[in-house]
2 protein chains.
Amino acid sequence: MSDRSQRRRELTRAEIKGAARAQLVKAGPSAISLRAIARDMGITAPALYRYYPALDSLILELCTDLYVELRLACEGARDLVPAEDHVKRLQDMAREFRRWVLAHPAETALIFGPPMPGVEQFHEQCVDLSHAGAQFGQIFIDPLLALHAQGRLPVGKALVEHEEVPADVYTFFLNAWTQFYGLIMAEAFGHLSWAVTDAEPLFEAQLEAFTESLVS
Amino acid sequence: MSDRSQRRRELTRAEIKGAARAQLVKAGPSAISLRAIARDMGITAPALYRYYPALDSLILELCTDLYVELRLACEGARDLVPAEDHVKRLQDMAREFRRWVLAHPAETALIFGPPMPGVEQFHEQCVDLSHAGAQFGQIFIDPLLALHAQGRLPVGKALVEHEEVPADVYTFFLNAWTQFYGLIMAEAFGHLSWAVTDAEPLFEAQLEAFTESLVS
DNA sequence: TTAGATTAGTGAACACCGTTAACGCAAGGA
DNA sequence: TCCTTGCGTTAACGGTGTTCACTAATCTAA
């Protein structure tokens, strides 16, 4: 296989993923369909099997891409803040996280919702830092480690062990993570629409409470 | 239509929902299929349209049933605690909420996950207390109102208005709600499997932190 | 009791879906 | 030049929700 054709192949794979994402955005995760993708590309459905062994693997790769995109967005927001200001870096990453989620509800449903046929494997395969999901989590752990080194993390219980991160830092991270995950996902999934039209004040209040929980 | 046949009709509707739930439990929300239900019942698929106008409406009714079941479970746990001990009532309701969710992952994915074709309408229709979703939320609000009357709720910002509940109580409720929703759903959806095998210590720690946040 | 209306069920059909198999065609390398 | 490899096709299998036309049974009212 020549370089030329290999590059062409990679281009086609990208086009397939692009079409899949268009389906996802237009009609939700369950609407991703090989036949519709093929129709959009002007080819027939079986041809797609030259590039992906099954629909599941396509969705799995799409998940990875989305996690990378989300991480890059948060890193972009982070890098606008001076590297020493770990607190504001965390705040702006969380804000960008929420912004991205609300701007991409369908993508969020895919990667943060309950396990779907192709997505289930994604989270099962998340074992080390080479995994896109772990890399996303890491960008939030890093500033916490820096704050910990400065003694600014409140001493709490160490409930969860981790190979590289001190257990108390990791526990602190998980507590904060699930807290923001809950607010953002409840808002994104429409489970707060009965209570509030705009959850931003709640989010900002939570962010403020988080900041105040840090040792200054 | 006679009473006799109307009762028989309601019985068939219940049998349909039972078959649908069996599909749900066995293979997830997207596996609920009219043809499979019909097959299980020994009839043909079009016959089901005598009882439900479409698959969506069946799923919608199933959602309502599940919310009622979840509420009854939590109320059952609540009623084992003396009516005056509002704090322990809240704790045990939260524990039962988590227990039910972990024992029913498929049902949880349906009613607490991202919007599916039939479920979307469910949350949109949640406008007053006649809605099963609102009734579920109410059982958590009631003890908070009692604590508020005793002056045991910490004074916080009033960010969210509500017709019947004071805004500061409602804000406190939403903050606590999203916090526990986050931890429980992250666990149920497998988004914590990379970090921890059993999230119960994290949950109990959050519960304890919540309790300590109350004025004693 | 009989005639008419209502109800529950059937089978065929349409338009989708993922996936597999067999086949043709064109480009690449020996 | 041959012939292997890759890319695409058509046909087909079994699955899905849904609609339509029709039958058989049951319930109602004259």
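Me: How much area do domain 1 of chain A and domain 2 of chain A bury between them?

Reply: This is a predicted model, where local features need pLDDT of at least 70, side-chain atom pairs count only at pLDDT 80 or more, and totals for chains, interfaces and linings use all residues. Residues are numbered from 1 along each chain as its sequence is written, chains are lettered from A and ligands numbered from 1 in the order written, and side-chain values use heavy atoms, without hydrogens and water. Buried area is the accessible area (1.4 Å probe) that two parts lose on being put together, summed over both. Carbon and sulfur atoms hold 68% of it here, and the total is about 1200 Å².

Me: Which residues of domain 1 of chain A lose the most area to domain 2 of chain A?

Reply: An automatic or database assignment sets the bounds. Domain 1 spans 1-52 and domain 2 spans 56-213. Together 48% of what the domain 1 side buries comes from K17(A), R21(A) and P29(A).

Me: How many salt bridges does the rule find across the interface of domain 1 of chain A and domain 2 of chain A?

Reply: A salt bridge needs a side-chain nitrogen of Lys or Arg within 4 Å of a carboxyl oxygen of Asp or Glu. K17(A) forms one with E61(A), with the closest N and O atoms 3.0 Å apart. Across the interface of domain 1 of chain A and domain 2 of chain A, the count is five.

Me: How many residues of domain 2 of chain A are in contact with domain 1 of chain A?

Reply: Contact means heavy atoms within 4.5 Å. Domain 1 of chain A brings 12 residues, and domain 2 of chain A brings 14.
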